Amino acid sequence: MSHSDKRKKPEELRSHRWYGVKDLRSFGHRSRTAQMGYHRSDYAGKPVIAIINTWSDINPCHSHFKQRVEEVKRGIWQAGGFPVEMPAMSLSEPFQKPTTMLYRNLLAMETEELLRSYPADGCVLMGGCDKTTPALIMGAVSMDLPTIFVPAGPMLRGNWNGNTLGSGSDTWKYWAELRAGNITEEDWQGVEDGIARSPGHCMTMGTASTMTGAVEALGLCLSGASSIPAPDSRHAQMASLTGKRIVEMVWEDLKPSDLLTAASYDNAVRTVLALSGSTNSVVHLIAMARRSGFNLDLDRFDHLARTTPVLANLRPAGKYLMEDFYYAGGLRAMLVQLGDLLDTTQRTVDGRTLGENIAGARIFNEDVIRPRAQALIERDGLAVLRGNLAPDGAVIKPPAMEERLQVHTGRAVVFKDYNDMAARIDDPDLDVDADSVIVLQNAGPQGAPGMPEWGQLPIPQKLLKQGVRDMVRISDARMSGTSYGACVLHVAPEAYVGGPLALVRDGDRIALDVPGRRLELLIPEAELAERRAAWQAPPPRFERGYGVLYLKHIGQADTGCDFDFLQTETRAAAAGEPEIH
């Protein structure tokens with residue numbers, strides 16, 4: 001029997017327990033709803049739709065959500081539902097320190113608990129800025145009510161003196177040129193004024209566009225929704241259509257657990273790889289999949305990367321931006337090109353299969369979205385490295401690095417933490433050359449704390465002035481999806497918990513072999529053992545509040561940096577419904 005054949009009755013709605021029972025509690029719920037100006041006919045026997053909105057005054061990526069939420073509500077009303085907007089933690093990538101990643105799991109918890117504790121029959125998730133997307137999905141998947149996602153959409157392309165600018169990518173590019181003395185402070189001001197000129201998230205293939213694309217491939221948003229630029233009127237239409245669809249999903253009882261499978265997560269990984277998406281997606285998709293009960297791991301990413309072509313010619317790996325991508329056909333057109341690499345039988349929130357959703361989608365600019373026969377890169381949009389320096393794995397993005405560095409051996413220049421690096425990286429006396437390997441320790445999940453996007457370590461100023469623009473850099477941090485360079489990331493276990501990265505010293509030789517998937521510290525095992533025995537654990541980063549909870553329960557990068565008590569195997573005991581007394 002399909003979902004459409006077993007439609008819920010009004011008395012079977014979850015919200016009926018709050019509103020439809022003739023007792024004192026329901027009297028209180030109804031009278032307080034009347035207090036807000038609603039008549040009983042507005043909600044009686046109708047699906048209550050929670051709209052989890054991550055808008056805030058300090059999140060520029062979501063600045064249009066005040067308007068979009070009204071369009072979502074319009075769709076819900078029109079379809080016969082009752083919309084309830086619930087603000088949630090905003091996680092503003094540009095502003096929140098030390099990193100939004102520290103708070104991803106807090107937003108996931110908030111989303112799950114909002115949905116559990118209020119009379120929600122289904123939910124619309126409003127996000128897009130990097131960590132909001134995985135956090136919202138993680139929380140909603142754990143609660144498992146009918147769920148649909150509204151992606152914030154990319155901002156318009158930037159512009160400065162006739163040059164097209166891309167978020168992040170051109171920030172790093174022109175910052176290097178300023179430090180090298182090749183552009184003026186006036187030029188730099190012009191870049192600052194022109195790089196972000198509309199609502200929406202980064203329009204490069206950063207973490208935001210990577211994760212919203214992955215969510216569309218998973219089937220959790222309307223087909224075609226993830227590519228629409230935020231200011232485009234079709235984005236507003238999508239918001240309204242989303243509101244209409246979630247009401248139908250509630251009647252159909254179509255939940256994430258009905259849609260998400262191991263194959264749909266493979267589809268999401270393939271999509272990320274074809275986009276040459278952010279390395280951050282590895283951590284997020286592993287966490288999301290494990291909330292769904294699927295043991296996605298680093299080896300699966302590497303396995304799929306070996307046969308997945310890069311088809312999106314987008315910065316930082318390519319040259320175009322998300323606005324170009326949408327007008328060239330968008331994600332649907334790219335998915336058609338992946339063809340047999342995808343499982344197109346997977347179901348989606350649209351009520352159709354992925355294959356039905358993308359059927360007939362065409363490319364309108366074959367330089368932006370490459371046909372499979374003219375792939376930008378044949379394979380390996382991502383690579384997972386292992387070795388004595390990263391026994392639990394590390395990741396690198398080969399398309400974003402200079403090819404000459406794919407097999408490289410150099411001597412380590414070690415910084416014990418971010419402050420040490422910031423203080424010494426531009427010192428003219430720093431013992432470093434173009435072949436050196438820059439190592440940053442204590443920037444991981446516990447060490448930073450929060451595993452910030454510090455992984456695109458700066459190139460020393462004296463080398464920039466010599467024309468050097470890429471070097472091998474290694475850390476237990478993450479890197480912005482808008483970044484580029486030969487940056488080895490997510491080294492696990494991290495330095496702060498005594499991983500081998502903590503034992504590297506200045507002058508040690510390190511070998512990187514991307515085709516061979518190896519990362520090795522070239523010192524005798526006896527020397528490594530001696531250093532390990534002498535290593536002392538640093539003091540905790542937090543003494544109170546959320547930080548203490550975080551340090552006690554956070555996982556390492558290779559397991560998705562989720563909290564151990566939120567993993568699927570421990571979810572059942574905590575997932576009870578609230579008692580309505």
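**Sheet and helix packing in the N-terminal domain**

UniProt lists residues 46-357 for "domain: Dihydroxy-acid/6-phosphogluconate dehydratase N-terminal" (unreviewed entry). The model is predicted, with local features needing pLDDT of at least 70 and side-chain atom pairs counting only at pLDDT 80 or more, while totals for chains, interfaces and linings use all residues. Residues are numbered from 1 along each chain as its sequence is written, and side-chain values use heavy atoms, without hydrogens and water.

Trainee: What is the strand order of the open sheet of four strands?
Mentor: Strands here are DSSP runs (E, at least two residues), and two strands pair if DSSP finds at least two bridges between them. The pairing in this open sheet is parallel, and the order is β2-β1-β3-β4.

Trainee: Which strands stand at the edges?
Mentor: An edge strand has a single partner strand, so one side is left without a neighbour in the sheet. The strands in that position are β2 (82-87) and β4 (147-151).

Trainee: Which residue in β2 stands opposite Asn 53?
Mentor: Strand β1 (residues 48-53) pairs with β2 in the parallel sense over six bridges. Opposite Asn 53 stands Pro 87.

Trainee: At what angle do helix α4 and helix α10 pack?
Mentor: Angles run from 0 to 180 degrees between N-to-C directions, with axes fitted to C-alpha atoms, for helices over the stretch in contact. Helices are DSSP runs (H or I, at least four residues). The axes of α4 (residues 65-78) and α10 (residues 233-252) are 7 Å apart, and the angle is about 40°.

Key: UniProt positions renumbered as here; feature names shortened; annotations may be inferred.
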